[in-house]
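Hi,

Here is the two-chain model I promised to pass on. Have a look at it first, and my notes follow below.

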Amino acid sequence: MTQANQDPCAHCEEMMQPYLDHILTEAERVEAEYHLDECDWCRRRYRFEESLRVYVRQAVNEPMSASLKQKLAALRIPLN
Amino acid sequence: MSGATVAEMAEAPPDATRIAAEARDRVRFEEEALALSDQVFRVARHLAGSREEAEDLVQETYARAFRSWRSYQPGTNLRAWLLRILTNLNIDRGRRKQRAPQTTPLEANDYYLYDKLAESDGAATDEERVVERLSQDDIVTALAAVPHDFRDVIVLVDLGDFSYQDAASILDIPIGTVMSRLHRGRRILKRELADSVLEDVS
């Protein structure tokens with residue numbers, strides 16, 4: 001399938017992850033941004049993805065317990 | 001410093017000097033490794049299935065790292081080196097247990113989750129608000145439900161900030177595989193999140 005006869009929003013969806021990862025080629029990036037400029041529907045979904053990434057990082061962040069930290073320090077090999 | 005005179009130190013057998021230098025290197029290694037433990041745990045927590053497993057895994061990793069510190073090359077990425085030990089231990093123990101054939105994971109398109117969330121909300125479709133409909137529990141559970149191969153890559157790259165190259169060498173897979181698993185894994189994660197939200201509603 002060529003890009004020309006593909007639904008532009010479906011094509012934009014395909015480019016979302018690589019766009020946000022900054023791994024598109026310059027030409028692809030320009031193409032994605034051209035579509036995003038005129039398509040509110042896709043733009044919302046890109047913004048959602050960005051928020052989601054930040055949100056997930058925060059949600060899964062569980063600090064290490066102090067007791068584990070102590071156990072790790074105790075694993076050090078004593079100098080003799 | 002008392003005791004040894006300059007002359008005595010100069011005469012110290014080369015062995016003693018070498019041992020002292022090695023002890024210094026080892027102490028430095030241990031301190032650098034321990035300083036990274038918060039970051040190592042943060043990643044380990046989601047490579048492992050539970051908090052308890054993650055704690056065991058991190059302890060085993062540090063025990064092994066302290067024993068085999070000589071194989072670490074100073075100046076290279078110590079966090080990646082520790083994570084390589086950790087993922088190997090995790091694969092050894094965890095995956096032997098779950099021998100059940102992995103069913104092909106269901107992934108949805110990239111827009112799927114947003115569509116589900118916006119659809120079940122109706123009025124508020126502001127992107128930042130929509131994301132808040134996911135609870136912390138939803139996210140932790142959904143991530144744990146992503147099959148190992150995909151989850152490892154998401155956790156290393158998206159949560160641990162490892163480069164594709166580092167993730168590839170930690171997991172001992174080609175960089176192209178890292179990229180394709182990351183891409184699919186995020187879709188699987190979103191599918192899991194969408195499912196958890198639909199369950200909450202019903």
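Chain A has a radius of gyration of 22 Å, whereas a compact globule of 80 residues would come out near 12 Å (taken over C-alpha atoms; the globule rule is 2.2 Å times the number of residues to the power 0.38). The C-alpha trace of chain A spans about 70 × 25 × 20 Å along its principal axes.

Some housekeeping before the rest. This is a predicted model, so local features need pLDDT of at least 70 and side-chain atom pairs count only at pLDDT 80 or more, while totals for chains, interfaces and linings use all residues. Residues are numbered from 1 along each chain as its sequence is written, with chains lettered from A and ligands numbered from 1 in the order in which they are written.

Back to chain A: it has four helices and zero strands (DSSP runs, H or I of at least four residues for helices and E of at least two for strands, numbered from the N terminus). Of its 80 residues, 16% count as buried, meaning 20 or more other C-beta atoms within 10 Å of a residue's own; 12 or fewer is exposed, in between is partly exposed, and C-beta atoms are placed from the backbone.

One buried residue is A:Ala32, with 20 other C-beta atoms within 10 Å. A:Ala32 sits in helix α2 (residues 26–38) of chain A. Beyond its neighbours within four places in sequence, A:Ala32 is in contact with A:Cys12, A:Met15, A:Tyr19 and A:Leu24 (contact: C-beta atoms, placed from the backbone, within 7 Å). A:Ala74, 42 residues away in sequence, is 53 Å from A:Ala32, C-alpha to C-alpha.

Now chain B. Its secondary structure is eleven helices and zero strands, and 32% of its 202 residues are buried. Of the contacts in chain B with a separation of 6 or more, 73% join residues 24 or more positions apart. Helix α2 (residues 14–35) of chain B has 22 residues and should span 32 Å at 1.5 Å a residue, which agrees with its end C-alpha atoms being 32 Å apart (the expected span is 1.5 Å times one less than the number of residues). The number of buried residues in α2(B) is one, so that helix lies largely in the open.

How many residues of chain B are in contact with chain A? There are 32, and they meet 27 residues of chain A. Helix α4(B) gives the largest share of that side of chain B, seven residues. By type, the side of chain B that touches chain A has 15 nonpolar, six polar and eleven charged residues (Ala, Val, Leu, Ile, Met, Phe, Trp, Tyr, Cys and Pro are nonpolar; Asp, Glu, Lys and Arg are charged; the others, Gly among them, are polar).

Cheers

Terms used: Contact = placed C-beta atoms within 7 Å.
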